[in-house]
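Subject: Structure handover

Hi,

Here is the structure we talked about. Please open it alongside these notes.

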Amino acid sequence: MHDEPLLSVSNLTVDLLTAKSAVRPVDGVSYTVRQGECLAIVGESGSGKTVMNFAPLGLMPTGVTTSLSGSVRFGGRELIGLPEPDIRKLRGKSIGFIFQDPMSALNPVRRIGRQIAEMAELHLNMTPRAAEARALELVKLVGISDPAARLRQYPHELSGGLRQRIVIATALAGEPKLLIADEPTTALDVTVQAQILRLLKDLQRRLNMAMVLITHDMGVVAGAADNIVVMYAARAAERGPVDKVLVTPRHPYTRGLINAIPKREDPIGSLFRGLPGIPPTLGAPLKGCAFAPRCDFAVPACTASRPPLVPSADGSVFVACPVVNEGRAAA
Ligand SMILES: Nc1ncnc2c1ncn2[C@@H]1O[C@H](COP(=O)(O)OP(=O)(O)OP(=O)(O)O)[C@@H](O)[C@H]1O
Ligand SMILES: [Mg+2]
């Protein structure tokens, strides 16, 4: 089908088994991303954002046994069950990524130019010479001045903002169709955060890439994303177009996240509002809505059974809340 989204995730469930624990950090999540579109995935720490994106690509730490069910289709191919050599060919090439941990992204003892060039050699089969020229182009593309000199430097010689630009250049070296950016700005100063976000957004538009932007910051979402998935304890609480979800959040958890954004009228130095209470642990099976214990609107139906995602009247926004959806049928 020619109008199939570039990425189509349906009912994805991920179970992780370690020597110490068995958890289900992703429990029946669905979303799509089309070419040129940006999807934001938001939610508190531990809600499953990173696992949801990286487990289907085989990018889990050693010592963890991962089982996946549901479907993850990318470019018309099913990734779940795809043999590891085929997945490896996609990683870093058709799908570029920026990892959450900034320290793991660059090799501290190798020159920047070599690190970018190697990605181009590996993914685009370039000769070392052509790859070096490509590295120079990429460093210019991410807005770094004096690019030739920068290519000869080591990561520690650069500021955090410049290093993140290099990380982005490396992620783009394989000419990806989809870029997964996991908290790409959290480790940076506030002013640099805005610059890096603008750069990512600009590159996404210019290269007509799809982008998944993982963040726990609702403020980041407004200017950057077309659609949003709000994760709570391994499940999607709400999903839909950003202009609808941010303007009229329906799920009480989404409302809480939006209220937690610092406002212009807040006195300087006022406490970050945050949400009261703590998220549940993922080990115990959940019968009802995981947010119910923290929710001001909870009714008995909330803890009776798992609330399904129900579409809004115009079919654009999906919300898993029995109170919001009272009297409406599930999709
Ligand atoms: N290596 C691991 N071993 C065991 N469990 C893990 C591992 N990585 C993640 N988990 C489990 O999966 C859950 C979700 O983790 P994940 O990293 O996806 O959260 P997140 O939403 O990305 O959080 P953050 O905002 O802090 O990055 C964790 O709460 C934890 O229970
Ligand atoms: Mg994460």
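Helix α6 (residues 160-172) lies across β6 and β7 (178-182), at about 165° to β6. Helices (H or I, at least four residues) and strands (E, at least two) are DSSP runs, numbered from the N terminus. Lying across rests on contact, meaning heavy atoms within 4.5 Å. Axes are lines fitted to C-alpha atoms, for helices over the stretch in contact, and angles run from 0 to 180 degrees between N-to-C directions. Helix α10 (residues 252-259) lies across β3 (38-42), β9 (227-232) and β10 (235-241), at about 105° to β9.

This is a predicted model: local features need pLDDT of at least 70, side-chain atom pairs count only at pLDDT 80 or more, and totals for chains, interfaces and linings use all residues. Residues are numbered from 1 along each chain as written, chains are lettered from A and ligands numbered from 1 in written order, and side-chain values use heavy atoms, without hydrogens and water.

Now the sheet. Eight strands form an open, mixed sheet, in the order β6-β7-β8-β3-β9-β10-β12-β11. Pairing takes at least two DSSP bridges between two strands. The edge strands are β6 (95-98) and β11 (310-311). β11 pairs antiparallel with β12 (residues 318-319) over two bridges. V310 stands opposite V319 in β12.

Last, the ligand. 17 residues surround ligand 1, each with a heavy atom within 4 Å of it. The closest are S45, G46, K49, T50 and Q100. α1 gives the most to this shell, three residues.

Best wishes
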